[in-house]
Amino acid sequence: PSDFAADPQTSVKARDLAPVQIDSGGLFVQRAKRALYDLGYDFRIDALKASDVTILSDHIGKGNFAQIVYQAEPVSSVWSRLEDGTLTCLTYKRDQNVVGWTPCVLAATAAGAAVVESISVIPGNNDPGQVYNSINRDEVWMIVNRTVKGHTKRYIEMMEGYFDGPNRATYLDKSVWRAAMKVAQVDAFHVDCGLTYKGVATTSITGLNHLEGETVKVVADGAVQADAVVSSGSITLGLAASTVQVGLSYSWIYRGMKLPYGSQTGPGVGQTKTVNGLVFVLRDSASFDYAIDLAGDGDEERNALEFSSVPFRTPGDPMSQAAPLFSGEINVDPPTGNGFNTDPRVMMQGTAPMPWTLLGIQPQIAESEL
């Protein structure tokens with residue numbers, strides 16, 4: 001054709017890395033590889049406009065973007081591989097003003113951190129070789145470089161689907177809902193480089209040669225069992241189970257932002273304050289720990305914070321069975337070590353290989369007028 005035009009739309013230069021198309025627009029890596037831009041039509045200027053989607057999270061691109069791929073289902077997400085081998089995820093729904101970055105740290109082996117060397121997204125399927133049906137989502141696949149028993153290994157790994165428990169609103173009886181949750185959470189997969197066993201109840205899990213010598217997390221019939229060390233490609237469970245998830249462990253941590261609630265003397269930033277209590281709104285969540293970082297200076301990295309636990313097991317739950325995941329609101333007391341300061345921040349962390357989803361936090365704050 002000789003009747004086409006290719007007019008420049010923006011002065012933002014792109015790197016020679018494959019962009020991704022999302023709806024009527026797209027995302028591309030900026031020339032310096034430190035930022036990601038979306039390109040879409042803006043009726044106010046009657047042209048395509050490039051906008052920096054990393055502007056509020058500029059630390060995300062410090063490792064330099066090396067590859068981006070798009071996962072449409074179940075949540076519109078852009079997965080990014082950085083040149084240092086780390087992984088990030090952008091929850092992206094521009095028409096709803098949803099642009100949220102998350103750094104994703106893969107579980108390390110005893111020899112050190114994992115390195116992502118390539119990433120791709122393909123449509124899900126439900127063939128006989130799959131443990132879990134993925135036909136209603138896109139699958140994220142990666143080539144991951146890990147060191148196991150002193151040897152460099154490259155594994156082809158896939159992100160399992162998000163856990164989606166039974167909807168509490170559809171159950172009039174709470175005990176029936178808790179029973180349904182215990183059945184559903186058996187299939188929650190929250191370990192790295194892991195495998196699933198499904199079959200007759202057993203205490204011997206084999207086929208773990210790819211994690212030889214590693215300490216692994218174990219979830220058996222929806223309950224977390226004691227850590228185990230893989231020997232000769234197998235582990236032994238404390239209690240027999242018919243559905244078992246085994247893999248490397250990873251920790252998560254939530255570090256809250258400033259609490260800028262106002263007082264009679266003005267804005268809350270810089271005011272001396274204390275957190276008298278917290279209300280957590282959770283969905284399909286296992287137990288976790290929380291603390292208040294009084295100085296707001298990242299004391300969690302020095303293990304100087306005093307964390308308090310939020311357990312969800314009730315006296316009526318048998319100790320030999322899983323405790324159902326929690327959904328709803330829970331009001332907790334101030335953690336140990338709480339007090340007055342100008343920049344207290346809410347901290348949460350967890351190590352259990354189970355689901356945990358935070359919907360909201362309501363801090364109860366008292367401010368000093370002194």
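I call a residue buried under 20% relative accessible area, exposed over 50%, and partly exposed in between (1.4 Å probe, protein chains only).

**Entry 1: ground rules**

I am working with a predicted model, where local features need pLDDT of at least 70, side-chain atom pairs count only at pLDDT 80 or more, and totals for chains, interfaces and linings use all residues. Residues are numbered from 1 along each chain as its sequence is written, and side-chain values use heavy atoms, with hydrogens and water left out.

**Entry 2: salt bridges**

I looked up the charged pairs. Side chains of opposite charge can pair when their charged atoms come close. For a salt bridge I need a side-chain nitrogen of Lys or Arg within 4 Å of a carboxyl oxygen of Asp or Glu. I found 13 salt bridges in the structure.

I started with Arg137 and Glu160. Their side chains form a salt bridge at 3.0 Å, N to O. Arg137 sits in the loop between strand 9 (115–123) and strand 10 (138–148), and Glu160 in the loop between strand 11 (151–158) and helix 1 (174–184), so this pair ties together parts 23 residues apart in sequence. Arg137 is buried, at 9% relative accessible area. Glu160 is partly exposed, at 26%.

Next I checked Glu157 and Arg146. Their salt bridge spans 2.9 Å, N to O. Glu157 belongs to strand 11 and Arg146 to strand 10, so the pair ties together parts eleven residues apart in sequence. Both Glu157 and Arg146 are buried.

Then I turned to Asp293 and Arg255. I read 3.0 Å, N to O, for their salt bridge. The pair links distant parts of the chain, with Asp293 in strand 18 (residues 288–293) and Arg255 in strand 16 (residues 252–255), 38 residues apart. Asp293 is buried, with 0% relative accessibility. Arg255 is partly exposed, at 32%.

I also noted a network of salt bridges that links Asp164, Arg283 and Asp284.

How many of the six residues in strand 6 are buried? I counted six of six in strand 6 (residues 77–82), so I call the strand mostly covered.

In a regular strand the side chains alternate between the two faces of the sheet. I checked this here. Ser77, Trp79 and Arg81 point one way from strand 6, while Val78, Ser80 and Leu82 point the other way. All of these residues are buried.

I count two strands as paired if DSSP finds at least two bridges between them. Strand 5 (residues 65–71) pairs with strand 6 in the antiparallel sense, over six bridges. Phe65 has Leu82 of strand 6 as its bridge partner. A hairpin of five residues joins strand 5 to strand 6.

On to strand 7 (residues 87–93). Strand 6 and strand 7 run antiparallel and are joined by five bridges. Val78 stands opposite Leu90 in strand 7. These two strands form a hairpin with four residues between them. In that turn, Gly85 has a positive phi of about 90°.

**Entry 3: cysteines**

A disulfide is a covalent bond between the sulfur atoms of two cysteines. My cut-off is a pair of cysteine sulfur atoms within 2.5 Å. I get zero disulfides by this rule. Cys104 is in none, and the nearest cysteine sulfur, that of Cys89, is 5.4 Å away. Cys193 is in none either, with the sulfur of Cys104 as the nearest, 16 Å away. Cys193 is buried, at 10% relative accessible area.
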